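Please look through the structure below before reading on.

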Protein chains: 2
Amino acid sequence: MPKQPSLDDFRVPYVGNGKSNGKKAGKFSLTDFDTASKPFSMGSKDADRARLSELGNRLDELQERLHAQRRQRVLLVLQGMDTSGKDGTVRAVFHEVDPLGLRIVPFKAPTPIETAHDFLWRVHAKAPAAGELTVFNRSHYEDVLVPRVLGQIDAAETERRYGHIRQFEELLADAGATIIKCFLHISKDEQKSRLQARIDDPTKHWKFDISDIEARKLWEPYQEAYRDALAATSTEYAPWYVIPADSKSHRNLMVAELLLRVLEDMKLEYPPAKEALKGIKVE
Amino acid sequence: MPKQPSLDDFRVPYVGNGKSNGKKAGKFSLTDFDTASKPFSMGSKDADRARLSELGNRLDELQERLHAQRRQRVLLVLQGMDTSGKDGTVRAVFHEVDPLGLRIVPFKAPTPIETAHDFLWRVHAKAPAAGELTVFNRSHYEDVLVPRVLGQIDAAETERRYGHIRQFEELLADAGATIIKCFLHISKDEQKSRLQARIDDPTKHWKFDISDIEARKLWEPYQEAYRDALAATSTEYAPWYVIPADSKSHRNLMVAELLLRVLEDMKLEYPPAKEALKGIKVE
């Protein structure tokens, strides 16, 4: 009988404490994860769709409690190479979730005003407020991955930024945020076919910039930069998970499973009934 | 055969030009609209649901084009008495719409910092950017309705605020925004049963504040304030529509029909294909 998959098998070992889920943090490698695997698939696309809808409805219920409480907050960070499916994940995982308590924050290349500040300035401004479920579609990790690969910052600055990120995420966690970070992991071949599909469909050109081709040439340096960033910033208060993402339906399902586990662990309840309302008859 | 309903029959006559859809602006009255009527209903709840899903999918397609273009923008303003269904409308109408191009902005009672500015300051900051479909769940209209009913501003200041609102909305329209404003119109009896339902269900208490009961005592002054505000600020560039909203399924359907018409009138197309991408093969 195949081993029941565990979400924890896909967690990046926590930095600092040497060992986590049996692996040494320093030894963590992205190539240990098969991008094409579908450990959380239900066996067919239809079954996956049904399961996702079930998870979505449950997410919606728990999100309403989070929203009703206005105390805790959740931050989901989505990262991945171009075409890894960040947009598609947002759309699929949150299809059943009430838009009122959800905030999607896309991060693009920083503007001149943003660049004039420290790299966490624009990110801090978008942190989830009490009662919010916030999704970062790209994030502060772009500001360590891209400049590192392009050689704009050296190794020492890269390390300093990892440190700032850990401290920033600890601040959010101390203020009641539950943070979960997903790396959508696709293969170089899968990216090739997805980029080609966008080029071949003129209605998809708006999603495409010619610089995406340039970035693809840096595939290996980006994989290495991701590996290092994940290894350096996976912590108990803000863990990274590697999501096998060549299969879109598997990717959606696994992110939904993870998020649902997080929300369930929060033991969210509606706030207590208001005594003042007891027995009131509206005239 | 019953007359086919026209959305324009529910448009508040434009201010200034005396006549619009056969009615004099000054003569406009909310009591001319039957809150319980269901002119856009398909005849049954199931048929309404099917139609709403159809409209939702179409809204999603057009919203993607709006998002792809990053040129035009849409602002939907939702107003109505407590329990009129602003939250429910957002949830139902946008169920099929990709959260990536949608922004829901709730306005609460202004904070001290907001109050320290002019009443449009906090609103302007939330105006839709190019490519966005933004929904104001409550809006700048609260800042003329509430203080007027509570006697915090006099008639002259109320008129001045109407003028500022018209000019502000004209500014947004000149910058490429299409504005549509919906007043969710319920009866006093319908509000009574909805408030009572919230009181009787402790998991709904978080939606309820004891001050809602106080506001209900001011039902008639609020209806009058709404009438005046709608009459004074319905313009060609930012028209008001009265949505019969005692029936939730009718309310959702009518708002979706209106919004779809607006998006269809915008003749949204995907931006032109990028010549530079033609014939490129990804390596």
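In chain B, β4(B) and strand β5 (residues 133-137) run parallel and are joined by five bridges. Leu102(B) has Leu133(B) as its bridge partner in β5(B). Strands here (E, at least two residues) and helices (H or I, at least four) are DSSP runs numbered from the N terminus, and two strands pair if DSSP finds at least two bridges between them.

This is a predicted model, in which local features need pLDDT of at least 70, side-chain atom pairs count only at pLDDT 80 or more, and totals for chains, interfaces and linings use all residues. Residues are numbered from 1 along each chain as its sequence is written, chains are lettered from A and ligands numbered from 1 in the order in which they are written, and side-chain values use heavy atoms, with hydrogens and water left out.

The pair belongs to an open sheet of five strands in chain B, ordered β4-β5-β3-β6-β7 with parallel pairing. At the edges stand β4 (102-106) and β7 (240-244) of chain B, each with a single partner strand, so one side of each has no neighbour in the sheet. From one strand to the next, the twist averages 20°, an angle between N-to-C directions on a scale from 0 to 180 degrees, with axes fitted to C-alpha atoms.

In chain A, β3(A) pairs in the parallel sense with strand β6 (residues 177-185) over eight bridges, and five bridges join β3(A) to strand β5 (residues 133-137), also parallel. Leu76(A) stands opposite Ile180(A) in β6(A), and its bridge partner in β5(A) is Val135(A). How is strand β3 (residues 73-80) of chain A placed in the structure? Eight of its eight residues are buried, so the strand is largely enclosed by the rest of the structure. Buried means under 20% relative accessible area (1.4 Å probe, protein chains only). Arg73(A), Leu75(A), Val77(A) and Gln79(A) point one way from β3(A), and Val74(A), Leu76(A), Leu78(A) and Gly80(A) point the other way.

Helix α9 (residues 219-233) of chain A has 15 residues and reaches 21 Å from its first C-alpha to its last, close to the 21 Å expected at 1.5 Å a residue. Eleven of the 15 residues of α9(A) are buried, including Trp219(A), Tyr222(A) and Tyr226(A).

Notes: Buried means under 20% relative accessible area, exposed over 50%, partly exposed in between (1.4 Å probe, protein chains only). The expected span of a helix is 1.5 Å times one less than its number of residues.
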